[in-house]
Amino acid sequence: MGEVHRNFINGEWLDSSSGKTFKSRNPANGDVVGEVVMSTKDDVDRAVTAATAAAEKWRLVPAPRRGEMIYKVAEILARRKDELGRLVTREMGKVLPEGLGDVQEAIDMAYYMAGEGRRLSGETVPSELPNKDCKSVRVPVGVFGLVTPWNFPVAIPSWKMLPALICGNTVVIKPSSDTPICASEFVKAFEEAGIPKGVVNLVQGSGGEVGEALVTHPGVHGVSFTGSCRVGERLHALCGGLGKEFAAEMGGKNAIIVMDDADLDLAVEGALWGGFGTTGQRCTATSRLIVHEKIHDRFVEMFRDRASKLVVGDGLLAKTQMGPLINAAAKGKVLQYIEIGCEEGATLALGGKELDSGDRANGYFVEPTIFTGVTPQMRLAQEEVFGPVVSVIKVSGLEEAIRVVNGVKYGLSASIYTRDVNKSAVAERDIDTGIVYINAPTIGAEIQLPFGGTRGSGIGSREAGGRGGALDLYSKWKVIYRDFSGALQKAQIDKD
Ligand code: NAP
């Protein structure tokens, strides 16, 4: 066994106080990617103490200087992109071009947030009184606890750490137990960039113990979480009770509408990428196809034909188009939903089985799966599957299609394929999701815009983007009134 991946606390790589470790494995073949320390509440406490001490100095570093350090992180990540992309594929399973894309997203975010260091603007507005001025400025929240999932093991940590740091906060991150080494290697880029001690801290371990100890720690002022609704809602209740800033990005039940005037070849390409890209394990994955009855049969035939040819296997092989699921529990959940779909009376039009022989015997593979004859109220059409399962729902027109899109508890991403500009405008206006795509699938967000959903998909400020997005979570407004009249002036009272 090679190096043990340790916690990063106060600028040092430390063993955990438990003395225990766990193994991170490749979901395509069970190979051990590495060994990682299993932390305790004491380790969390140590990390929060370091972050608290560092916060006092870090908030006083001018934001453009903070940006210069983050720019260095971008350059380091760009230099290491190939190595990190391969690690993402080995530890998480997504195919190599997507592993590289995961790292590219972090590079993009680092360049973008480096620039924000010179743009952290507030407002200057006129006072109603003479010889007085007023302005609002962004100030850091303090120490942030960050809890991240496995499906974007470099990108999502970057979405949280980089805006938190540019705004002058210090951070403690607890990454997913399924992808701890990606997070560890990502944090090394901050170490190499010379980020001061204690500004970035990493604690590895289980969500129930380490994650919960982190978010409820009295020294943590703000929490940003991405993951399941079950955990997000629990943490929201805990943090609300403790008066912490809180934001969560959670699940989705994203849909593509295919209208009768759509470019069907383009729509099929989009449905394939949205439904089976990342093995359907994106919060924005396309899990429902809402198809106009006039083109339904032709579209299904084209889509099934293309999906049946997808090559499933180890994401490091150039021929592979779809990788494994993340772990045994995820595979079990996907197979269970396939069973539920059959029991509910949907038609299994493609796939439905696990792939567990030959060189896929030690991985978590499920065939690309398509259900037709799905009705909007079936569990299959309502609940998040988080795997390569796409449900086709037939509709008679745009109004019905939009009703179906909106008829779930989630509101993350949706899209419409149409060549009619009026129909696309109605969809843009009436679909109730945080993200709407026109003639593109439900996945593919860009980092310079706010990311997140309505209703059950998210709580609190959006991620990514600048104003209206991440900067709003990671900074607080302070308003400053300066009176240089030399006299007591009373707002609202001194009118003449
Ligand atoms: P998860 O089980 O909620 O885990 C997410 C993170 O929370 C992991 O680091 C996990 O640690 C930790 N955690 C678990 N229980 C915790 C607790 N009681 N207190 C504090 N932390 C805890 O979700 P997942 O299975 O990793 O990810 C899949 C889900 O995430 C899907 O539902 C998907 O839709 C959602 N997701 C949403 C977005 C988005 O931006 N909207 C993006 C990606 C994923 P362990 O790994 O140690 O359990």
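Q: Where does Lys174 lie, which residues does Lys174 touch, and what does its side chain reach?

A: This is a predicted model, in which local features need pLDDT of at least 70 and side-chain atom pairs count only at pLDDT 80 or more, while totals for chains, interfaces and linings use all residues. Residues are numbered from 1 along each chain as its sequence is written, and side-chain values use heavy atoms, with hydrogens and water left out.

Lys174 belongs to strand β9, which covers residues 170-174; strands here are DSSP runs of E of at least two residues, and helices are runs of H or I of at least four, numbered from the N terminus. Lys174 is buried and yet has no salt bridge, the nearest side chain of opposite charge being that of Asp178, 8.6 Å away. Buried means under 20% relative accessible area, exposed over 50%, and partly exposed in between, with a 1.4 Å probe and protein chains only; a salt bridge requires a side-chain nitrogen of Lys or Arg within 4 Å of a carboxyl oxygen of Asp or Glu. In charge terms, Lys and Arg count as positive and Asp and Glu as negative, with His and the chain ends not counted.

The side chain of Lys174 does reach the backbone oxygen of Gly205, at 3.0 Å. A polar contact is a pair of N or O atoms within 3.5 Å; within protein, one must be able to donate a hydrogen and the other to accept it, and residues adjacent in sequence count only if both atoms are side-chain atoms. Leaving aside residues up to four places away in sequence, Lys174 touches Leu146, Val147, Thr148, Val203, Gly205, Ser206, Gly207, Val210, Gly211 and Leu214, where contact means heavy atoms within 4.5 Å.

Elsewhere, Thr320 sits in the loop between α10 (296-308) and α11 (328-344), and counts as buried because its relative accessibility is 8%. A polar atom of the Thr320 side chain lies 2.7 Å from the backbone oxygen of Asp314, and the residues that Thr320 touches, not counting those up to four places away in sequence, include Val95, Val311 and Gly315.

As for the whole, the protein has 15 helices and 25 strands, and 57% of its 496 residues count as buried. Among contacts between residues at least 6 apart in sequence, 74% join residues at least 24 apart. Along its principal axes, the C-alpha trace spans about 80 × 65 × 40 Å.
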